[in-house]
Amino acid sequence: MSDWVPTTCMRCAVGCGHVQMGVDDGYGLDTVRGDSAHPVNQGLACGRGIKETAEPEGDWLTQPVIRRDGELEATTWDVAIGRIVTEFRDRLDEPNSIAVLGSGQQTNEAAYALGKLARGGIGTEYYDANTTLCMASAVTAYYDAFGSDAPPPTYDDIPDAETHLVWGANPRVAHPVMFRWLADSADDEGSEMVVVDPVHSETAEAADGHVAPDPGGDLDLARAVLARLVETDGIDRDFVVEATTGFDELVADLPDPRDAAEEAGVNMDAVDRLVGLLESDTLIYWGMGVNQSVQGTDTAGALIDLCLATGNLGPGTGPFSLTGQANSMGTRVCSSKGTWPGHRAFDDPHHRQVVAEAWDIPTGRLPDETGPGPVGIIEAIEDGPVEAVYAVATNPVAGAPDAGFVSEALEDAFLVVQDAFRTATVEHADVILPAATWGESEGTTMNMERRVSRVRAASDLPPGVRSDLDIIATIGNALRDDLFPDTDPATVFEEFADLTAGTAADCSGISYDRLAEELAIRWPAPDETADAGYRYYGGEHGEWDFPTPSGRARFAGGTGREQPEPPDEAYPLTLTTAREADGYNTGVRSRSAPEEPDPLVARVHPETVETHCTGPSGTERVRVVSRRGSVTAEVDEDEAIPPGIVWLPIHHPAVNELTIPATDPDSDEPNFKQCAVRLAPVETAAALAESGRAD
């Protein structure tokens, strides 16, 4: 019988430790369960994480494939790699003609290697590591406030908080193990959980209170609370004076709280409820409902402002963004997307020189700009300069907004797709590379509270399949001699960790040997004994030290911008999107094959059904129509959804046919959460589609 092998779940960013056992014969996993020894979850595990690790339902990729004369044909690794290298090498003189798309599904080692290939091997600006679809607004807000990325609190602070304010997130569905900790803490005497969300979500059902702003009303609501705190003298002025800057400028731009509450779609009782909560030790959690918006950075900044204004910074309190994909934090630290490894400033000449010397490349090869997010990369295929795309463990045809445009654009590019499962994006590929998945890969990952832990294999690789790191390094070394002198995961991790020494995200004190003993270690860890706790706070007397020019935390005070597509007479409803329990990573491990997706279900309030679902098809099936496309959906009458809103699962393959590619100007994160739609009978919408008119 196989032995138990400790690893880390790669479904979401909680970072639960698992133990896994490979099958006795063949390839794959036999059994997976929570690891009672792991410091993150101590044996807890969610059903989805176990199932998607042990028994994924996706359509496996098992051999390289190449497109010849318009048809996909099986081929050898040598032929597939040779085709890629030929296409890429011909474009190296114009590095921005090649785009690279990564993922929070990769290990730290693979993410680091992909960034090294994109930035140091190719030299392209057109590179994204997936965080722009997920965490970029929170990242930008953290830099604005603290001068550094990542939330100050850790999981250790959850039991000590008296108030758990969950804003634009649904951890009961998205992060079940973490939700257990929140719920347990909220059950303590004198503690409570309150949810801010337009939808009465599963988390709201379990909470002590629910505040429902209009879709897109989060920033107005946060500013109403800030203004009311000033009006009622609820400010912790000692903390503001001691540790912050910019408060007077914030106050000068605040609206009247009653006006802001009206704009948010709530009454003043709701505002006062939130004001009262902030009097106790509060953790404010937020997720994609805040980040995925044209005002995501301003809203995340306003939530941080609430913490600063009320002194809710320090153990048991603070702003805590909830990361989506398993290794989104790792891609932020490792992958050279918005910063160089270790959060080295991208435009700083010294840091650029350090990176170039570590990679043994000329500094001039490194791009001058970080480049746009995925929306800008796709637009650059149509408008230039991008001609070739290398997509690793990501599925933009399902996961990016305005997916019809994405599909059309990728048809015009030389597209390489590297994945473990067949996805909607695979169907557009010119070369398909089958990659290893969970239980077959070696490396590390980083959870949302900055903990690094091991990812380990319990099964050999099937014939014809290679690891992400191996594939990336093979392509890189074929393009540039000795770009990857050693491809052993432990050696690559050591190279990355050494490059972070002395930085804000110092991982130089972490090693595979240390992880084998301690299982999980938080950065910054500048030496072999360091394991970080709450950030920016410490010293003998609890002094604050922020990596900003003043050494103080900065109030953001963002005022937002108009929603890009409010409802109107032609499109009177608002589409909002959110994650279902099986909706991680575009559902490739939990849903049917791309050409046979599960039925799309639209959750709609009964009042909206009565008013808008009329016509020959009745109310069982409708077409949801936006200015970009239309999709068929089954109607689920659900009073948890406010009137006037249509709720669809974010990563169903059809949903992003509808969403708008508008982005936050500060973070480049797309506005997935609001766009204008209408409901139409199936026959009527089909006729519109045939005539070429969505309007």
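Analyst: Helix H20 covers residues 468-479, and its 12 residues should span 16 Å at 1.5 Å a residue, which agrees with the 17 Å between its end C-alpha atoms. The expected span is taken as 1.5 Å times one less than the number of residues in the helix. Helices (H or I, at least four residues) and strands (E, at least two) are DSSP runs, numbered from the N terminus.

This is a predicted model, in which local features need pLDDT of at least 70 and side-chain atom pairs count only at pLDDT 80 or more, while totals for chains, interfaces and linings use all residues. Residues are numbered from 1 along each chain as its sequence is written, and side-chain values use heavy atoms, with hydrogens and water left out.

The buried residues of H20 are Asp 468, Leu 469, Ile 471, Ile 472, Ala 473, Ile 475, Gly 476 and Leu 479. Here buried means under 20% relative accessible area, exposed over 50%, and partly exposed in between (1.4 Å probe, protein chains only). The cover over these buried residues includes helices H2 (77-89), H3 (108-122) and H21 (489-499), together with strands S16 (388-392), S17 (414-419) and S18. Contact in this sense means heavy atoms within 4.5 Å.

Turning to the salt bridges, a search of the whole structure finds 32. A salt bridge is a side-chain nitrogen of Lys or Arg within 4 Å of a carboxyl oxygen of Asp or Glu. One of them pairs Arg 454 with Glu 442, with 2.5 Å between the closest N and O atoms. Because Arg 454 belongs to strand S20 (residues 451-455) and Glu 442 to the loop between strands S18 (431-434) and S19 (443-446), this pair ties together parts that are 12 residues apart in sequence. Arg 454 is buried, at a relative accessible area of 15%, whereas Glu 442 is partly exposed, at 35%.

Another salt bridge links Arg 627 and Asp 568, whose closest N and O atoms are 2.4 Å apart. Arg 627 sits in the loop between strands S27 (621-625) and S28 (630-637), and Asp 568 in the loop between strands S24 (553-554) and S25 (573-578), so the pair joins parts 59 residues apart in sequence. Arg 627 is partly exposed, with a relative accessible area of 30%, and Asp 568 is also partly exposed, at 31%.

Asp 638 and Arg 603 form a further salt bridge, at 2.8 Å from N to O. Both of these residues are buried. Finally, salt bridges with shared partners connect Arg 228, Glu 231, Asp 256, Arg 258 and Asp 272 in one network.
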